[in-house]
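I opened this structure for the first time today. These are my notes, in the order I looked things up.

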Amino acid sequence: MGEGISIMKLLYLLKKRWLRWNVRKASAGDAAAMNRLYLFEDPWGLNTTGEHFRFQETARIIRENIGDHFESILEIGCGEGLQTQYLAPLARYIVGLDPSSNAIKRARARGIANASFKVGELTSYAGLARGSFDLVMACEVLYYMPDFEEAFEKLNKLGSACVVTYHRGVFESLDNFFSSKKVISETIRGADCDWRVVYWRLREPEGRPSLDSHVRILS
Ligand SMILES: C[S@@+](CC[C@H](N)C(=O)[O-])C[C@H]1O[C@@H](n2cnc3c(N)ncnc32)[C@H](O)[C@@H]1O
């Protein structure tokens, strides 16, 4: 019995180390490591109370400030579709995009009625027409992209409005990047982590007041 427990513990520790190693590589832009991570379910530890609070709060901020009846949402870096469940009620249809085929398989298995999931990344959609989606989301993903400016331009091209979130660990670099942009930001304060929600609108839908009046540049 005691031996059984120690083997389980050893396997657990090995898995933890392996995940940490791949997260490090994935964070440095290694696409293969990013996909390898999804050999295990929920490799980023997103199915937790804290992260579900972030999903809930992000959806609330969108509803209160940008809209709650979108024709279309594009969710870049949707992973296993955990956040998609919170975004789907805001749109007629939502497209989730992730480079990991394993993640996309699990996202599809959730059976979200108005969602479709595709393997791909931000650059895969570069050929689409300007403003193809009412809202483009990039949550906890921008900091894996090597060139923020290029990613920002691509988001701007695809969406009439955009939302980016990032966690406290990367506040410095991304706050600095957004400080020169016309965006609005709010902070979600969780029990164990804080997240910045940065949003902006490029084309005003009919009947909605311009967001420009309360644009706040991050400092
Ligand atoms: C930390 S998870 C975030 C998942 C989800 N968006 C959330 O906020 O909980 C990062 C996700 O981004 C995906 N990803 C990494 N680089 C990407 C890229 N260039 N384009 C699209 N997705 C990417 C990863 O495969 C992973 O599923």
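I began with the packing of α7. Its buried residues pack against α6 (148–158), β5 (159–167), β6 (184–189) and β7 (194–201).

Which residues of α7 are buried? I found L174, F177 and F178, in a helix that runs over residues 171–178. They cover an arc of only 90° around the axis, so they sit on the same side of α7. I recalled the general rule: an α-helix has 3.6 residues a turn, so residues three or four places apart point the same way. Then I checked the other side of α7. There E172 and N176 are exposed.

**The chain as a whole**

I counted elements next. The protein chain has seven helices and seven strands. From the N terminus on, I read them as α-α-α-β-α-β-α-β-β-α-β-α-β-β. The radius of gyration came out at 18 Å, close to the 17 Å that the globule rule gives for 219 residues, so the chain is as compact as a globular protein of that length. I also took the span of the C-alpha trace along its principal axes: about 70 × 40 × 30 Å.

Buried residues make up 33% of the 219 residues. I looked at contacts between residues at least 6 apart in sequence. Of these, 61% join residues at least 24 apart.

**Confidence**

How far does the predictor trust this model? The mean pLDDT of the protein chain is 88, and 90% of its residues reach 70 or more. I marked residues 211–219, where the pLDDT is below 50. Beyond near neighbours in sequence, that stretch has 13 contacts in the model. I keep in mind that where pLDDT is low, the predicted coordinates should not be read in detail.

I picked L37, which is found in helix α2 (residues 31–37). Is L37 buried or exposed? It counts as buried, because 22 other C-beta atoms lie within 10 Å and the cut-off is 20 or more. Leaving aside neighbours within four places in sequence, L37 is in contact with L19, N22, V23, A26 and P43.

**The ligand**

Last, I looked around the ligand. 21 residues surround it, and the closest are G77, G79, E121, C139 and E140. By class, I listed 14 nonpolar, four polar and three charged residues in this shell.

Methods. Residues numbered from 1 in each chain as written. Predicted model: local features only at pLDDT ≥ 70, side-chain atom pairs only at ≥ 80, totals over all residues. Near = placed C-beta within 6 Å. Nonpolar A, V, L, I, M, F, W, Y, C, P; charged D, E, K, R; others polar. Buried ≥ 20, exposed ≤ 12 C-beta atoms within 10 Å, placed from the backbone. Helix = DSSP H or I, 4+ residues; strand = E, 2+ residues; numbered from the N terminus. Arc of directions from axis to C-beta. Contact = placed C-beta atoms within 7 Å. Rg over C-alpha atoms; globule rule 2.2 N^0.38 Å. pLDDT = per-residue confidence, 0-100.
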